[in-house]
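Please examine the sequence and the structure shown below. A short report on selected features follows.

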Amino acid sequence: MFVRILFLFALLAAASPLQAGRVQTLFQAEVDAAGRDTASRDAALSLALEEVLLRLTGSTDNLATPEARGLMKNPGRFVEQFRFRKTSADAGQPEQLSLWVQFDGVALAREVRAAGLPYWGRERPDLLLWLAIDDSGQRYLISETLEPGATAARAAGRHHGLPLTLPLMDLEDQRAIQFTDVWGGFMGTVAAASRRYRPQVVLTGRLERRSASGDWRTAWQLTDGNNSQSWKGHATSLDDAVDRGLGDAAQWLAVRYAVVSGDSGMHSLVVEEVSSLEDYARVSAYLASLSPVDKVNVMRAEDREVEFSLKLSADASSLRQLITLGRVLQPVETDVPWRYRLNP
């Protein structure tokens with residue numbers, strides 16, 4: 001048994017690292033830059049770090065805290081790489097410059113948690129967006145390819161770190177749902193039309209532009225399992241309206257899923273149907289990617305079953321909640337808690 005476990009560890013160490021998270025660009029940002037000089041670069045780095053911290057903590061309120069401001073004083077210490085990019089401009093306008101930055105995710109996550117800020121890692125719920133737009137009488141549902149709206153939605157999803165799906169609005173969708181269903185808030189119809197996408201969270205938005213002022217009025221509803229939240233807002237443009245709506249959704253989800261470091265300790269869980277070294281590597285890497293987990297060890301491995309010992313930086317209930325987001329493990333219906341089965 002001991003030899004088998006050692007062999008598993010040796011193979012895992014030799015294998016390429018596995019990314020178990022859904023948000024692969026969590027620690028990347030691209031912001032406008034005034035120039036290539038040191039002062040302009042440092043200003044852009046601060047903006048980029050602010051954007052990443054917004055994704056990690058889930059709320060602009062967290063960015064105003066002394067702890068967050070302390071992290072933003074010297075953004076260069078978290079930078080792994082950066083490069084300037086020239087971006088296209090409108091005809092007759094000067095070419096614009098942006099700065100792309102990749103931050104050190106390990107160092108930044110450690111400092112965010114050490115500062116006592118909420119930390120929302122890569123594992124996040126898949127969000128399906130149904131967006132009904134009334135642009136001064138022109139009514140439509142946005143889809144994966146329909147503009148305007150799709151580009152704004154994808155940009156807002158990246159900005160706030162939300163794994164976003166837009167409906168295809170193909171014949172199947174058109175038979176299942178209409179503009180009036182989303183606009184009228186008929187959530188039973190919305191839920192039925194959403195099943196083909198298997199989302200974990202459904203967000204509906206109703207955006208209306210008033211022709212006189214040009215402002216947009218918005219109404220949103222977020223459904224996460226048995227939990228739901230509704231709110232209204234306003235914005236000066238379509239892009240702003242979509243970004244604000246997804247930002248509010250991210251903030252609400254972060255309250256549920258972001259982890260605040262607290263009582264640390266050890267916790268064990270058992271995973272069934274681990275039948276190969278590849279399965280073992282997949283589970284181990286997945287557990288290590290979860291926000292509350294600092295370290296993963298193996299206690300035993302036998303009969304297609306592995307027991308892991310996890311060093312946690314937060315309450316174990318936070319870990320259980322995050323595991324439910326993923327599609328890697330599913331709980332086993334048994335009287336013994338913390339027993340899971342590996343999904344194919």
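D134 is buried, with a relative accessible area of 7%, where buried means under 20%, exposed over 50% and partly exposed in between, using a 1.4 Å probe and protein chains only. D134 forms a salt bridge with R139, with the closest N and O atoms 3.2 Å apart; R139 is partly exposed at 47% relative accessibility. A salt bridge is a side-chain nitrogen of Lys or Arg within 4 Å of a carboxyl oxygen of Asp or Glu.

The whole structure holds 21 salt bridges. Another joins D42 to R41 (3.2 Å, N to O); D42 has a relative accessible area of 33% and R41 one of 25%. A network of salt bridges links E272, R300, E302, E305, E307, R339 and R341.

## Basis of the model

This is a predicted model, in which local features need pLDDT of at least 70 and side-chain atom pairs count only at pLDDT 80 or more, whereas totals for chains, interfaces and linings use all residues. Residues are numbered from 1 along each chain as its sequence is written, and side-chain values use heavy atoms, leaving out hydrogens and water.

## A salt bridge within a helix

R244 and D240 both lie in helix α10, four residues apart, about one turn of the helix; helices are DSSP runs of H or I with at least four residues, numbered from the N terminus. The closest N and O atoms of their salt bridge are 3.0 Å apart. R244 is partly exposed at 47% relative accessibility, and D240 is partly exposed at 22%.

Note on methods. Helices (H or I, at least four residues) and strands (E, at least two) are DSSP runs, numbered from the N terminus.
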